[in-house]
Structure formats: C-alpha cells, structure tokens
Amino acid sequence: QVQLVESGGGLVQPGESLRLSCAASGISISRNAMGWYRQVPGKQRELVAHILPFGMKNYADSVKGRFTISSDNAKNTVYLQMDRLKPEDTAVYYCNVKGFSWGSEPSRSWGQGTQVTVSS
C-alpha cells in the first residue's frame, strides 16, 4: 500500500524559506514521476512542481525561480525547497505520484498534507 507523508510546513514571514518533505513508502520514487501540489480552501488543488525519474523538473509559473523540487532515492523522499515565500503561497501542500506529462492526474490517495502559512 502506497503511503505519502508530508512534513515541514509552518508559519513564516514573507521572504523567508521552508523545505517540505514527502516520505514515500510502498512505491519507489526513482521509478515514478512525483508532484507537489497545493490547495487553498475553496479552490482546486494545483500542481506547483514535478520531478521525473530521469531528473527533469518543471514548475508552475507562479513558483518558477523560487521553488526547487528534488529527490533522495536512498531515502525515498521528495523535497520542495521554497524560497522568497509570498503570502499567496499560503496553502496546504501535498505530494503525489503522477504521470510524466505536466497535466497528468495524480494516481494515489492524498496524504494529510502540510500547512504553509506566509504572513507578517
């Protein structure tokens, strides 16, 4: 059974940084495309970054240049380094397995997510 556990969220001020972690079990991240998503109450969940098995990374325009996705295959963990955070980055962040194309749907059950709040 696939389990995805997100952690690392918190309350930060604008301009500060956070690093989120997604620990996966029951699946090898080295063989799958992994995505970081976020959701604000009342809005649809949106994909902000994904990483493919061969290392290619893509980002939503809203986070390009500020967020960096990476993975540690030995730890079976995916990370999201978030720099120069803005209030509009406030959301619950989730990870999931997805297809290789940017628009492909996530394929596993959602974890509990981790709350990121950016506020002065």
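Tyr37 has Leu47 as its bridge partner in strand E5. Strands here are DSSP runs of at least two residues, marked E and numbered from the N terminus. This is a predicted model, in which local features need pLDDT of at least 70, side-chain atom pairs count only at pLDDT 80 or more, and totals for chains, interfaces and linings use all residues. Residues are numbered from 1 along each chain as its sequence is written, and side-chain values use heavy atoms, with hydrogens and water left out.

E4 and E5 pair in the antiparallel sense over 5 bridges. Two strands count as paired if DSSP finds at least two bridges between them. The two form a hairpin with 6 residues between them. In that turn, Gly42 has a positive phi of about 85°. E4 also runs antiparallel to E9, joined by 7 bridges. Here Gly35 has Asn96 as its bridge partner in E9. E4 is mostly covered, with 6 of its 7 residues buried. Buried means under 20% relative accessible area, exposed over 50%, and partly exposed in between, with a 1.4 Å probe and protein chains only.

Now the other sheet strands. E1, E3, E8 and E7 form an open sheet in the order E1-E3-E8-E7, with antiparallel pairing. Its edge strands are E1 (3-7) and E7 (67-72), each pairing on one side only. Neighbouring strands are turned by 15° against each other on average, direction ignored. That angle is taken between axes, lines fitted to C-alpha atoms; angles run from 0 to 180 degrees between N-to-C directions. E1 and E3 (residues 18-25) are joined by 5 bridges. Gln3 has Ser25 as its bridge partner in E3.

Contact means heavy atoms within 4.5 Å.

Finish at Thr114, in strand E10 (residues 114-118). Thr114 counts as buried because its relative accessibility is 8%. Its side chain reaches the backbone nitrogen of Gly9 at 2.9 Å. Among the residues Thr114 touches are Gly9, Leu20 and Tyr93.

Key. Helix = DSSP H or I, 4+ residues; strand = E, 2+ residues; numbered from the N terminus. Polar contact = N/O pair within 3.5 Å; in protein donor to acceptor, adjacent residues only side chain to side chain. Lists of a residue's contacts leave out its neighbours within four places in sequence.
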